[in-house]
Amino acid sequence: MENSLEIIKFTESYYIDIKKMLNKCFSNEYYLQLTEKQLEKIYNDLLRQYNSKDLFLDILLQKSIAKGFIIYQIDSPSSDWCEKEDWGFIREVYIVNELRKKGIGKKLVNHAERELLNLSVENIYITADDNKDFWIRLGYKETGEICQRNGGFIFIKKEEI
C-alpha cells in the first residue's frame, strides 16, 4: 500500500474531493453538520489563504484518488490563525476511515514538518482535544496552554525534525 500513496500540492481539480473530505472531517471529527453554503465558505476561505500563500494544503492520493489532506502554515499576523508568530502550525490532518491506524497520519505529519523545515521553520505546534497520544508519539509535548481560537490543547515540537 505504501507504494500506492503519494502526497501532492493542492490543485483545484481536487475541488469536489476536498469539499467532501472537509464535510466528513467536520461532521465526523467535530460533530458539526454544515450546510452546503457553510461548506462552500470554508472551502473558499481555505482557497483564498492557499492562493495568498498564508497556508499550505497537500493532498494524500492512493492510486490517484484523494484519500486525505493536511493543512499547515507559518503563523503570521496575515494568517487567520496566529497563536505563535513565525512557528509552523499543523492545522488539520484528515484521512479517510479505511486508511486510518496504518501509519499514514504520521506520513502526512512528517511531510508537513519537512516542508516547514525547508522554509526555515524549526518550531511547530498543533492544537488537539483528542488523539493526544498520536501527537506525543510523533514527538510533540503538551504545553498546558489552551488555544484561544478553538479551545484545544497546544502541543509543541521544537527539536530538529
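User: Before we start, what should I know about the numbers?

Analyst: This is a predicted model, where local features need pLDDT of at least 70, side-chain atom pairs count only at pLDDT 80 or more, and totals for chains, interfaces and linings use all residues. Residues are numbered from 1 along each chain as its sequence is written, and side-chain values use heavy atoms, with hydrogens and water left out.

User: How many helices and strands does the protein have, and what pattern do they follow?

Analyst: Helices (H or I, at least four residues) and strands (E, at least two) are DSSP runs, numbered from the N terminus. Here you get four helices and seven strands. Walk along the sequence and the order is β-α-α-β-β-β-α-β-α-β-β.

User: What does the radius of gyration tell me here?

Analyst: It's taken over C-alpha atoms, and the globule rule is 2.2 Å times the number of residues to the power 0.38. For 161 residues, a compact globule would come out near 15 Å, and the protein has 15 Å, so the two agree. The C-alpha trace spans about 35 × 35 × 30 Å along its principal axes.

User: How do I read burial, and what share of the residues is buried?

Analyst: Buried means under 20% relative accessible area, exposed over 50%, and partly exposed in between, using a 1.4 Å probe and protein chains only. In this protein, 46% of the 161 residues are buried. Take Lys20, which sits in helix α1: it counts as exposed because its relative accessibility is 53%.

User: Which residues touch the most other members of the largest nonpolar core?

Analyst: The general idea is that in soluble globular proteins, nonpolar side chains tend to be buried together. A nonpolar core is a set of buried Ala, Val, Leu, Ile, Met, Phe, Trp, Tyr and Cys residues joined through side-chain atoms within 4.5 Å. The largest one here has 43 residues, and Phe10, Ile18, Ile90, Trp135 and Tyr140 touch the most other members. Elements giving two or more residues to this core include β1 (5-9), α1 (15-29), α2 (36-51) and β4 (88-95). Another core, of seven residues, lies apart from it, with Trp87, Cys147, Ile154 and Ile156 among them.

User: What is Phe10 in contact with?

Analyst: Contact means heavy atoms within 4.5 Å. Leaving aside neighbours within four places in sequence, Phe10 is in contact with Ile18, Tyr43, Leu47, Tyr50, Leu57, Asp58 and Ile59. Across the protein, among contacts with a separation of 6 or more, 58% come from residues 24 or more positions apart.

User: Where is Glu142, and what does it touch?

Analyst: Glu142 is in strand β6 (residues 141-146). With 41% relative accessibility, Glu142 counts as partly exposed. Not counting residues up to four places away in sequence, Glu142 touches Lys132, Phe153, Ile154 and Phe155. Glu142 and Phe153 are 11 residues apart along the chain, and their C-alpha atoms are separated by 7.2 Å.

User: Which loops hold Ser64 and Ser120, and what is their phi?

Analyst: As a rule, most residues other than glycine have a negative phi. Ser64, in the loop between β2 and β3, has a positive phi, near 70 degrees. Ser120, in the loop between α3 and β5, also has a positive phi, of about 70 degrees. As for cover, Ser64 counts as exposed at 57% relative accessibility, and Ser120 counts as exposed at 66%.
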